[in-house]
Each structure stands twice: as C-alpha cells, then as structure tokens.
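Subject: Structure for you to look at, with notes

Dear colleague,

Please find below the structure I promised to pass on, together with its sequence. My notes follow it, and I would be glad if you read them with the structure open.

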Amino acid sequence: MAASVREKQAAALKRMLNFNAPPLKNTASEPVWKVLIYDRFGQDIISPLLAVKELRDMGITLHLLLHSDRDPIPDVPAIYFVMPTEENIDRICQDLRNQLYESYCLNFISAVSRSKLEDIASSALAANAVTQVTKVYDQYLNFITLEDDMFILSHQNKELISYHAINKPDILDTDMEAIMDTMVDSLFCFFVTLGEARGRSGGRVCHVKLDKRLRENLRDARNSLFTGDTMTGGQFSFQRPLFVLADRNLDLATPLHHTWTYQALIHDVLDFHLNRVSMEEGLGAESSPAGARPKKKNRKTYDLTAVDAFWQKHKGSPFPEVAESVQEELDRYRAQEDEVKRLKTIMGLEGEDEGAISMLSDNTAKLTSAVSSLPELLEKKRLIDLHTNVATAVLDHIKSRKLDVYFEYEEKLMSKSTLDKSLLDVISDPDAGTPEDKMRLFLIYYITAQQVPSESDLEQYKKALLDAGCDLSPLNYIKQWKAFTKMAATPASYGSGGVKPMGLFSRVMNSGSQFVMEGVKNLVIKQHITNVFSSVSQETDSYRYFDPKMLRGSERYRGNYIEYQNLVDYAKAKPGKKVLYGCSELFNSTQFIKQLVTLGNKPSSGGPVGNFWFDLVE
C-alpha cells in the first residue's frame, strides 16, 4: 500500500534529523548526539509527527527555538529547521559569529533565495566558520500533516491567509498577491513531498500560479523535484492523482454546522490544535473557603495521536457511539484489574509490592503473566482516562447547549427535510444554546434557503436574535455574500443528507456508566457528499482543468473536520479510492463567526473572494 502523506513527511523529517541521510534500521550503535534548532513554523510541522521519545532515539538531546536565549555547546553539531525569513537568516548569522555549535546543518522549510544564501556565506566567512556549515538543504516541507489523509497549510500567522484576510473589502492587490504566493508555496511543498500532481479548480488565481510553478519545475529535467536520482529520488515516482482546489465561498454552511462526530466535536467545543486538546481539570472547579483566594484551575493537555488505537477507531464516530465504547473499554479494564487482584489474594500476596511478586517460582506462572501485563494495562488505563475526561467535557457542552438539537435541526435545514419546530421557537428558547449557537443556526437557514425571507420575516428573526444576545454583524456579511453568489453562480446544494434517531442507548444509560446521557438524542449521521467533489471526476464545464505534464497550459472550464470526515466516509464507500483533505486554515465555528463579525462591520466594496480547501483523489 502506498505510503500516506503523514508517513512521507515523517520520513523526510527523520532523514533530515540524520543529517539528510537515510536513517539506519535495526542498528545497535548509538546515534550521533545533536541539537535541533527550529522556529515556530518548524515546531508546528514536527510536533504532530514525532514525539519527544522519537527525537531522543534519533540523537536529539535538546530541541530549542531559534530566537530563544541559547548557551554555546561548542562540541555538539546543530541541525536547523526554519523558514528562510530575513529575521531567521540574521539569527543564524549571529549564531555563526558566536560560535555556538561544533557544526551547522541548515535545513530550510521552503526554498531559500540566492541572496539569503549569500548573506549566510558572508557571515560564515567573516566568522571563520565556512567549514562548520556542513550542509544547506531546501526541505520543501512547508505544510502541516495532521492525519494520514489530512493537512493544513499553516498554523503560525494563519490569520494572514484567513477567510477574513482574503475577503476584507480594503485588501490591496499586493496583499492578495502575497497571500496567493504563500498558499502556492505550501501546496508546491505538499506535491514535492507526495511526488504527484494535476488538478481542477474552483479557485482561479491560486491554481494558475501553482500550475505555472509545477510546469516550470517539470521542464527543468536536471533539477526537477519529481524525477531523477536526487537525495529523495526513489520516492518520487510521478503519479497521476487529481487535485481539487475549491473556494470556501462554494460552501459557507458547513463551517457553521454543529457537528456530531467525536473529532469534529472536540475541535468545535474544546481547545484543540495540532492534535493536542487542552482543557481545565475538574479539580479546580471546587469552591474555595469564604474569604480565601479562588483556586486556580489546572489546565491539562492530551495528545490525540496515531498510536492511540481508540482514537484511530472512533475519531469519526457519532458521539453516542464513542461514549458507549469508552464505557465498554473501562469495563474491560476493570475486569482485568479485578483478575490481577484476585490472583494476588489467592497467593496470599495482597498488599505486596511488585518486586516480591516477580520473584515467585515457576508454579505461579499465571500470576507472573498477569503482573507482566501491568505496563500494558497501565497504558490502557491512561488512554481510557484520557478519553473519559475528553468525552465528559464534550458531553457537558452537548447537554448545557443542547447541541444535539442544533445538529438535528441544521441537518434538516441542509437536506430540505420537514421541520418539527419553527426556527423562531429555537432561537427564542432561553435554555437552548449560546447566542453564537443561535446565530450559527440562523446563518445556515439563511444560506441554504432557496428564497431569502421577506423583510417582515427577517425583522422578526433579527429581533429574536438581538433579544437572545446575538451580534448581527455576521448576517450583514452573509446577506452581501448571498446577493453576490446569486448573481455569480448557483449556491452549493447540500443533497439529501440527514439524521435518524436510534432510540435509547444500550449501555451508557445505565446507572453505572461514566456518561449520564439522559436527555441527549442518539443520532446517527447520514452523509453529505458535496456536488463539487462528486462532479470533479466527470466531464463538466464548471471547473478549470490544469495538467502540468501537458506542453501547453491547457485550461478547460469544466476546512474543517466536518468536511474531512465526510470525505473519509466517501472514500470508504469507494474501494480503491484514496482521498486526502487539506485547507489553508483549520478553523472551528467560533473562529469563523469572529471573521464574519469583522467582515460584517466593514463596508462592502465588491463580492467575496474566499479562501480554499483542497482534495487529492487517487
């Protein structure tokens, strides 16, 4: 099976950390001990892919930020992994002058310009450190891989390529050009790592620039990054997948949609970035004695990674199914724990330490076998505690905000199903959701409505929203967007998705469950497959088509976790089909609403431009 983009990027990083040589497998010798110096961009690329233990196994004794205060370690080599910015180049030159390390292996996340290379050479010459700069590489790794089939363009400074940045009415041509260049550079790096490219587009400027850059690289047979026996030669066989680049304005409802799957819910209601969720511990919630200073709530972070089997299996599952599975895992763990305790009691070792148990004779093999499994049992307990805490925090949001009600209602709106309650009643219900939840619901109604509400009806809705504490600025922008898309093209169609209730839970409703789900609907998701994605593999006049392997530039007019999960499910239903999902920025609904608030407060000077999400189909 072909390696995933996560495996390819992780392999490229491991090669870089081995001084750009293939890592030796199954070797008993110790690695070369070294220091890793990265900037914030490099840190974001590495952190979802390589754990601290993996870095240590590769000989990384210290990993430090480039612009932190660093002491000299003159007998240790340093590997740098940074963006080729003016500020970073100046700091590297300063390190050379200060003779911080034994040698310097410089790796740039994107291609470094000739002028900046000359600056480094001049500083090395002045510092008498030319021989210490052992290697300089362009790594072409300027994107962040979060899953085997998901990537984003950036996390640092993501506001510079955000939906707001692209759509603000006072944007200058030079600013837009810089945004497009930033996106194209990251996408080019993605293709270099993957080793494959062609595409159709709903986003014109970005795709034209990307097509041009791919074409120029392919024409240079001697220096092409997709062919030849360079340092990565064997891994770049030029495949023929289909890359789809779409404008965010094709679908504004999905980023606002309340979701029902585990991963997307975590991203929507908790602090979840780069596969790490941060939340307040329950310990800090207890009240302090009268007159005492309130206790500070502790913040706990959890990494949700590929090695977590429960996460890999259930991240795309409906939340009630996740809650039930956590309870089942907890019951299994308790049964194993009780078995160990029972054996210890039988052997008369209750309360004894593990050192005494390990010295038992062979006739106690069953007990020693149980004890030897304790590390595995403890790791299982850690993961169960992790998902119990995270799922409980998610459940608190679901119950306090009635998110199941919002999810079901929005699904019916988007699938044009019959509504069992008026929208005005949901908005006016003081116990249903926050002002932001109500605004998200109304915006979805407004976006998906075939006919916009009359002025009198709209005034009623606006009054109800204001009474609920909503800021109407997002609606101002969506009204402009709706008017423009009506003139420009037909808005997105949301198909015949929907939900179906599944009755009461079998296990998580019982009194012994960790999750009190009473009052929460058990809903199973039906899939929304966007018309954009379904039609790109067919001959259509709605999209521009680019093929960088063609001699002439032939053109034929033909992000969020919710969309990602939809495409994962789509691929599962199509044997042999592999789909990768990417986006210029990964925002949740709160972040998107804030951008719409800002846009709605600014006078319009034209139609929306959009930002982008991407799919790669094999």
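In which kind of crossing, left-handed or right-handed, does helix 9 pass helix 14? The crossing is left-handed, a term used when the near helix is turned anticlockwise from the far one by less than a right angle, with right-handed used if it is turned clockwise.

Before the details, please note that this is a predicted model, in which local features need pLDDT of at least 70 and side-chain atom pairs count only at pLDDT 80 or more, while totals for chains, interfaces and linings use all residues. Residues are numbered from 1 along each chain as its sequence is written, and side-chain values use heavy atoms, with hydrogens and water left out.

**The helix pair**

Helix 9 (residues 262-269) and helix 14 (residues 374-401) pack at an angle of about 70°, and their axes, which are lines fitted to C-alpha atoms over the stretch in contact, are 10 Å apart. That angle makes helix 9 roughly perpendicular to helix 14, the term covering 65 to 115 degrees. Helix 9 contributes Tyr262, Leu265, Ile266 and Val269 to the contact (heavy atoms within 4.5 Å), and helix 14 contributes His387, Val390, Ala391, Val394, His397, Ile398 and Arg401. Of these residues, eight are nonpolar, two polar and one charged, where Ala, Val, Leu, Ile, Met, Phe, Trp, Tyr, Cys and Pro count as nonpolar, Asp, Glu, Lys and Arg as charged, and the others, Gly among them, as polar.

**The chain as a whole**

The protein chain holds 22 helices and 18 strands, taken as DSSP runs (H or I of at least four residues for helices, E of at least two for strands) and numbered from the N terminus. Of its 618 residues, 51% are buried, meaning under 20% relative accessible area with a 1.4 Å probe, whereas exposed means over 50% and partly exposed lies in between.

**Individual residues**

Asn157, in the loop between strand 7 (150-152) and helix 6 (163-167), has a positive phi of about 55° although it is not a glycine, and with a relative accessible area of 39% Asn157 is partly exposed. Lys416, in the loop between helix 15 (403-414) and helix 16 (423-428), is likewise not a glycine and has a positive phi of about 60°; Lys416 is partly exposed, at 46% relative accessibility.

Ser103 lies in the loop between helix 4 (86-98) and strand 4 (104-108) and is buried, with a relative accessible area of 13%. Leaving aside residues up to four places away in sequence, Ser103 touches Val76, Pro77, Ala78, Gln132 and Thr134.

Notes:
Axes are lines fitted to C-alpha atoms, for helices over the stretch in contact, and angles run from 0 to 180 degrees between N-to-C directions. Angles under 35 degrees count as roughly parallel, over 145 as roughly antiparallel, 65 to 115 as roughly perpendicular and the rest as oblique.
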